[in-house]
Amino acid sequence: MNIDNLRECVDLARTLSFTQTAQRYFITQPVLSKHVANVEKELGIEIFLRGKNGVHLTGIGRAFVERCKELLDCYDEMLEEMEHLKYGNDRPIDLGYLYGASSLVLPKAIRSFAKRHPSVDVRYLSMEIDEIPEALDGNRIDVAITSDLEKFDPDRFAWRALYRDSLCLIVPKAHRLADKGKVTVDDLAGEEIIVPRSTFMPNETSHITKVLSPILETVEQKRLIGDLNGIRMSLMVEGCGAIEFSHLRNYYSDDEFKFIPLDADLPEFNVIAVWKRSNETLALLDLAAEFERQCRRLDLPPACLS
């Protein structure tokens, strides 16, 4: 049954004039008569009596119109609620993020987003990379900036590619390799090196181990450090090196550390904005798009998703 035809019946019950109701809905009187007749035929009842003395409601027609008013009120409330959920108006967005990966992009993106959505609060939670998939899946956050794409089922999650990242060697400025423009595998022989934990980067850690295989017996690998501050502290205290994301230069001070490219066949990564499809709103989509726009403005290396 056409919802607009029900609205016309309710209005006709108020005006008792086909002329006035037809004008109100910008249709002709014959079209309105056809709409009313279709409703009466579908229900198998007579709603209106038409005669020389004008238009009158039948008894069952009066009951029908009252129920129509209730139905239309519920329908309009539903539309309003769906519109609210669709746009995410006034609903806060909980954002989980990798600080190093997003510190350049986040402030400008949020400021720009806030101008378009002043009623939407964005709440921030700095997280480690292995915490994000579970937090998204459990609805503790709505969207995340991370680089661990393979952990997200494309049927349940959507994402925007922000920029491409890579692994590099991070060393304190006093380290013997700090002055090098590029480091080879042979340069790392005999070093104490922090590598990513295999618990959240199993493929990458395995690849790094394979790259280091010619000198692996001479290298002491440290894998127990699980957060950015722990890595930074170990670099400062022990004077060792770390094979980690290049984006950590946004987190560590250039006065203390050098980030040196590795002349080796190491994987690259895509930093992404990712969210659960079931939590998607237009406001959330606009926020993710703003992250991508800011990456383009900063001329960050474009992501490459196959």
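Where is the place of Asp299? Asp299 is in the segment after helix H10 (282–297); helices (H or I, at least four residues) and strands (E, at least two) are DSSP runs, numbered from the N terminus.

This is a predicted model, in which local features need pLDDT of at least 70 and side-chain atom pairs count only at pLDDT 80 or more, while totals for chains, interfaces and linings use all residues. Residues are numbered from 1 along each chain as its sequence is written, and side-chain values use heavy atoms, with hydrogens and water left out.

1. Asp299 and its backbone. Phi of Asp299 is positive, near 60 degrees, in a residue other than glycine. With a relative accessibility of 67%, Asp299 counts as exposed. Here buried means under 20% relative accessible area, exposed over 50%, and partly exposed in between (1.4 Å probe, protein chains only).

2. Helix H10. The helix that Asp299 follows has 16 residues and reaches 22 Å from its first C-alpha to its last, close to the 22 Å expected at 1.5 Å a residue. The expected span is 1.5 Å times one less than the number of residues. Buried residues of H10 include Leu284, Leu287, Glu290, Phe291 and Gln294.

3. Ser112 lies in helix H6 (residues 106–116) and is buried, with a relative accessible area of 19%. Leaving aside residues up to four places away in sequence, Ser112 touches Glu290 and Gln294, where contact means heavy atoms within 4.5 Å. Glu290 and Gln294 are themselves among the buried residues of H10.

4. Helix H3. The 15 residues of H3 (residues 29–43) should span 21 Å at 1.5 Å a residue, and the end C-alpha atoms are 21 Å apart, which agrees. The buried residues of H3 are Leu32, His35, Val36, Val39 and Glu40. They lie on the same side of H3, because they cover an arc of only 135 degrees around the axis; the arc is that of the directions from the helix axis to the C-beta atoms. Pro30, Lys34, Lys41 and Glu42 are exposed on the face turned away from the buried side. Just after H3, Gly44 takes a positive phi of about 75 degrees.

5. Packing of H1 on H3. Helix H1 (residues 3–15) packs with H3 at an angle of about 105 degrees, and the axes are 9 Å apart. Axes are lines fitted to C-alpha atoms, for helices over the stretch in contact, and angles run from 0 to 180 degrees between N-to-C directions. H1 and H3 are therefore roughly perpendicular, a class that covers 65 to 115 degrees. From H1, the contact involves Asn5, Leu6, Glu8, Cys9 and Leu12; from H3, Leu32, His35, Val36 and Val39. These residues divide into six nonpolar, two polar and one charged (Ala, Val, Leu, Ile, Met, Phe, Trp, Tyr, Cys and Pro count as nonpolar, Asp, Glu, Lys and Arg as charged, and the others, Gly among them, as polar).

6. Leu16. In the loop between H1 and helix H2 (18–24) lies Leu16. Leu16 has a positive phi of about 50 degrees although it is not a glycine, and at 36% relative accessibility it counts as partly exposed.

7. Gly138. This residue lies in the loop between helix H7 (132–137) and strand E5 (143–146). Gly138 counts as partly exposed, at 42% relative accessibility.

Key: Angles under 35 degrees count as roughly parallel, over 145 as roughly antiparallel, 65 to 115 as roughly perpendicular and the rest as oblique.
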